[in-house]
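I opened the model to go through its fold, its helices, its surface and its charged pairs. The entries below follow the order in which I looked things up.

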Amino acid sequence: MLHQMMRIRWTAWKMLPAFHQAEVVEEAAQLLSRMETNAAGQSAAFSLLGHKGDLLLVHFRNSFDELNQAELQLSQLKLAEYLETTTSYLSVVELGLYESSLKTYKLLADRGIQAHTAEWNAEIESVLNRQREAMRPRLYPEMPAHRYICFYPMDRRRGEMKNWYQLPMAERRRQMEEHGMVGRRYAGEVKQIISGSIGFDDWEWGVDLFADDPLVFKKLIYEMRFDEVSAVYALFGAFYVGVRCPSSQLGRLFSGEAPGKA
């Protein structure tokens with residue numbers, strides 16, 4: 001996953017004659033339209049609210065090479081001359097496997113297989129391969145069609161008194177299970193995609209929430225703040241909230257109007 005946050009250089013854009021603006025937008029809309037329906041991973045544009053930027057582009061792809069290609073394609077557009085990147089975020093979709101991992105470790109221990117040996121590693125990889133196949137739709141999600149997005153990065157605390165990474169796995173599983181119960185209550189209202197970014201970006205995870213009612217973002221995140229894993233261990237980065245801008249609405253956005261639905 002790649003998130004690109006951009007600012008529109010409105011002063012330069014408004015100096016461009018209307019017919020040139022139309023040509024520039026048409027070229028960009030055609031590329032975005034292809035990206036929106038790309039079978040190998042989709043992209044979507046959002047009009048950002050607030051001072052952190054004007055445009056958010058979100059890309060789902062099957063590899064970093066494909067993400068890089070999407071980024072390069074956008075950089076070649078005439079529209080790129082009127083965009084300034086404010087920040088970006090790179091991550092990989094991941095699923096929490098605390099419960100299944102604990103079960104696997106116990107089964108291997110019961111069989112007398114020592115941790116981190118060649119046999120242990122082979123058994124773990126075999127289990128992971130089965131899980132990847134079974135969970136493929138969740139590991140390679142389609143872009144949710146909801147109108148609003150909320151994205152934020154986060155860490156788990158590593159303080160002197162409270163350190164998430166020093167907790168036993170069973171305790172981390174318990175707290176994450178409690179955390180997940182809150183999210184499941186919003187399953188019909190919010191689509192949530194968690195991505196890992198350790199080694200890829202400045203935070204440890206990225207969280208994407210998609211919904212048709214933006215107020216549900218506040219309700220969900222507020223409620224989650226009171227469970228143990230968030231109240232004690234969670235650290236949050238900047239929040240980005242945007243309104244979906246389909247390719248057919250790109251001209252509307254660049255004319256200074258909020259994008260409508262496709």
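What percentage of the 262 residues of the protein chain count as buried? I found that 42% of them do, taking buried as under 20% relative accessible area, exposed as over 50% and partly exposed as in between, with a 1.4 Å probe and protein chains only.

**Entry 1, ground rules.** I am working on a predicted model, in which local features need pLDDT of at least 70 and side-chain atom pairs count only at pLDDT 80 or more, while totals for chains, interfaces and linings use all residues. I number residues from 1 along each chain as its sequence is written, and side-chain values use heavy atoms, with hydrogens and water left out.

I looked up the secondary structure and noted 10 helices and 10 strands in the protein chain, where helices (H or I, at least four residues) and strands (E, at least two) are DSSP runs numbered from the N terminus. Along the principal axes, the C-alpha atoms fill a box of roughly 75 × 35 × 35 Å. I then looked at contacts, meaning heavy atoms within 4.5 Å: among those between residues at least 6 apart in sequence, 73% join residues at least 24 apart. The accessible surface comes to about 14700 Å², and carbon and sulfur atoms hold 53% of that area; accessible areas come from the Shrake-Rupley method with a 1.4 Å probe, and for residues only the protein chains shown count as cover.

Helix 3 (residues 64–75) has 12 residues and reaches 16 Å from its first C-alpha to its last, close to the 16 Å expected at 1.5 Å a residue. Which residues of helix 3 are buried? I noted L67, A70 and L74. Seen down the helix axis, the buried residues of helix 3 fall within an arc of 60°, so they line one face of the helix; the arc is that of the directions from the helix axis to the C-beta atoms. In general, an α-helix has 3.6 residues a turn, so residues three or four places apart point the same way. The cover of the buried residues in helix 3 includes strand 1 (2–8), helix 2 (18–36), strand 3 (55–59) and strand 4 (83–90).

H116 has a positive phi of about 70° although it is not a glycine. Most residues other than glycine have a negative phi. I placed H116 in the loop between helix 4 (98–110) and helix 5 (118–134), and at 63% relative accessibility H116 counts as exposed.

- K78 forms a salt bridge with E27, the closest N and O atoms being 3.9 Å apart. K78 lies in the loop between helix 3 and strand 4 and E27 in helix 2, so the pair ties together parts that are 51 residues apart in sequence. K78 is partly exposed at 46% relative accessible area, and E27 is partly exposed at 27%.
- E177 forms a salt bridge with R173, with the closest N and O atoms 3.3 Å apart. Being four residues apart in helix 7 (residues 169–184), E177 and R173 are separated by about one helical turn.
- R185 and E223 meet through their side chains in a salt bridge of 2.1 Å, N to O. R185 lies in the loop between helix 7 and strand 7 (190–196) and E223 in helix 8, so the pair ties together parts that are 38 residues apart in sequence. R185 is exposed, with a relative accessible area of 53%, whereas E223 is partly exposed at 27%.
- E171, R174, E178 and E228 are linked in a network of salt bridges.

Key. Expected span 1.5 Å × (residues − 1). Salt bridge = Lys/Arg side-chain N within 4 Å of Asp/Glu carboxyl O.
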